[in-house]
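Thanks for coming. I will take a few minutes on salt bridges in this protein, and on what they connect.

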Amino acid sequence: MKPWEANIRKVTPYVPGEQPKNADVIKLNTNENPYGPAPAVKRALKEFDAELLRLYPDPASDVLVDALAKRYGLGKDQIFVGVGSDDVLAMAFLTFFNSDRPILFPDISYSFYSVWAELYGIPYERPALDDGFQIRKEDYYKENGGVIFPNPNAPTSLALGLADVEDIIARNRGSVVIVDEAYIDFGGESALGLLSKYENLLVVQTFSKSRSLAGLRIGYAMGNPALIKALNDVKYSFNSYTMNRTSLVLGAAAVKDEAYFQETVGKIKATRERTKERLKALGFVYPEPSANFIFAGRPGTDAKALFEALREKDIYVRYFDAPRIDRYLRITIGTDEQMERLFDFLENYLKH
Ligand code: PMP
């Protein structure tokens, strides 16, 4: 070992879903939106003055924060924005999970949580979901250094009812509870309405799914002004200019195009309902989906072999080679035409 090697921070990184170079594939593997960004975003991009890029962006991200504050009926001091919700969550871990007690998150949930905990040296425990893949709220009643869970959960797509979400927040007034609502626009009930009641609640959402802007990288957190100030203090201790000028302008345009947002979210939900029926008819089982994906397995069918066979045909879904979930595939909801291609393949594959 070289002497300097001893000083290197060793981490096991998060592994994102594959981004194939070939744009022609049916891409149902990273929960992106199959529809393009809002027309208002495309217009704003065309009108964007590239000359401005010589200047640093507004460190307070005012235009975007303002658009979000109006959309959600919150104060500007209740919103924090970052480079995708991954950035917002990474900042939130660093800011709020700063005790010797373990933070709590489900054994099956977004796999980035344990990566950040390891990176920052935060102790953590992962209470097991029940056999139906649901969160057992009682597991979150014990002493902890913070709580985080996605709602709807990933990769299961299953939502936890708002009463249970509230219960977890109410019983943890001594720690910050982060509800990661990356998929909430597709189903489930948002915890946003609880913000006025609980000062320990932080709700995190993203532009990557329901707003069709995964490529732009915008996420945001909503919470009481003290939490948002704490997040900003850590952000300014890390990198003051996280949000680039283009993201700020296009992001604000996206938020204002409510009609397009409603239309595309509605289309995806309708396709999800049709996909459920088709999968069921083929013998697949799945937890009730509330997100823009379905976590489906078929008793008697090897999920990994199916994943590989689909990939051979340029149909990309996500497979997790991990305990309890290795018999399932996470299938993002695409357009009706894309799902048709998936079903053409499945019907043929399952015949043999
Ligand atoms: N939370 C959950 C539960 C997710 O599935 C994802 C998507 N990988 C994210 C957060 C991060 O998304 P983004 O950084 O694109 O906002």
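Start with Arg311: at a relative accessibility of 33%, this residue counts as partly exposed. Keep in mind that we are looking at a predicted model.

What does the side chain of Arg311 meet? It forms a salt bridge with Glu18, at 2.6 Å from N to O. Glu18 sits in the segment before β1 (26-27) and Arg311 in helix α9 (residues 303-312), so this pair ties together parts that are 293 residues apart in sequence. Glu18 is also partly exposed, with 34% relative accessibility.

Next, Arg71 and Glu258. Their side chains meet in a salt bridge at 2.7 Å, N to O. Again distant parts of the chain are linked: Arg71 belongs to helix α2 (residues 62-72), Glu258 to helix α8 (residues 258-281), and they are 187 residues apart. Arg71 counts as partly exposed at 27% relative accessibility, and Glu258 is partly exposed at 26%.

For accessibility, Lys142 has a relative accessible area of 42%, which means partly exposed. Glu125, at 31%, is partly exposed as well.

Beyond pairs, there is a network: salt bridges link Asp62, Asp66, Lys70 and Lys76.

How many salt bridges are there by this rule? The count comes to 23. As background, side chains of opposite charge can pair when their charged atoms come close.

That is what I have; questions are welcome.

How values were computed. Residues numbered from 1 in each chain as written. Predicted model: local features only at pLDDT ≥ 70, side-chain atom pairs only at ≥ 80, totals over all residues. Heavy atoms only, no water. Salt bridge = Lys/Arg side-chain N within 4 Å of Asp/Glu carboxyl O. Helix = DSSP H or I, 4+ residues; strand = E, 2+ residues; numbered from the N terminus. Buried < 20%, exposed > 50% of the residue type's maximum accessible area, 1.4 Å probe, protein only.
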